[in-house]
Amino acid sequence: MKTNQLLNEIEYLICDVGFLWRKRNNLLARELGMCVLDRRILIKLELSPGITQVELAERIEVEPQSLTRIIDRLEKKAWVERQTSPDD
């Protein structure tokens, strides 16, 4: 098998796995009554306790202002709880 053909097949498989993973995440989020971004945020928070909103916004690649609105919504649903940073 030629190198280019092998690389093309690997690229296809990686893309296919990514598609299936996103599809699974969409289904799980819907079952929980949330959107994919909500679920993504909750997973990041679980993996990074104590992360600031600025750091979280950078990691999930959303504007801090947008994240503030999302966190407000998640907080109203009791899915997250804000904590004051000792550095503030």
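Guide: Buried denotes under 20% relative accessible area, exposed over 50%, and partly exposed in between, with a 1.4 Å probe and protein chains only. This is a predicted model, in which local features need pLDDT of at least 70 and side-chain atom pairs count only at pLDDT 80 or more, while totals for chains, interfaces and linings use all residues. Residues are numbered from 1 along each chain as its sequence is written, and side-chain values use heavy atoms, with hydrogens and water left out.

Visitor: Is Cys15 buried, partly exposed or exposed?

Guide: The relative accessibility of Cys15 is 48%. Cys15 therefore counts as partly exposed.

Visitor: How many disulfides are there?

Guide: A disulfide is taken as a pair of cysteine sulfur atoms within 2.5 Å. By this rule, the count of disulfides is zero.

Visitor: Which residues of H4 are buried, and where do they lie around the helix?

Guide: Helices are DSSP runs of H or I with at least four residues, numbered from the N terminus. In H4, the buried residues are Leu67, Ile70, Ile71 and Leu74. Seen down the axis of H4, they fall within an arc of 100°, taken from the directions from the helix axis to the C-beta atoms. The buried residues of H4 therefore line one face of the helix.

Visitor: Which residues does Asp38 touch, not counting residues up to four places away in sequence?

Guide: Asp38 is found in helix H2 (residues 36–47) and is buried, with a relative accessible area of 1%. Contact means heavy atoms within 4.5 Å. Not counting residues up to four places away in sequence, Asp38 touches Ile70, Arg73, Leu74 and Trp79.

Terms used
Helices (H or I, at least four residues) and strands (E, at least two) are DSSP runs, numbered from the N terminus.
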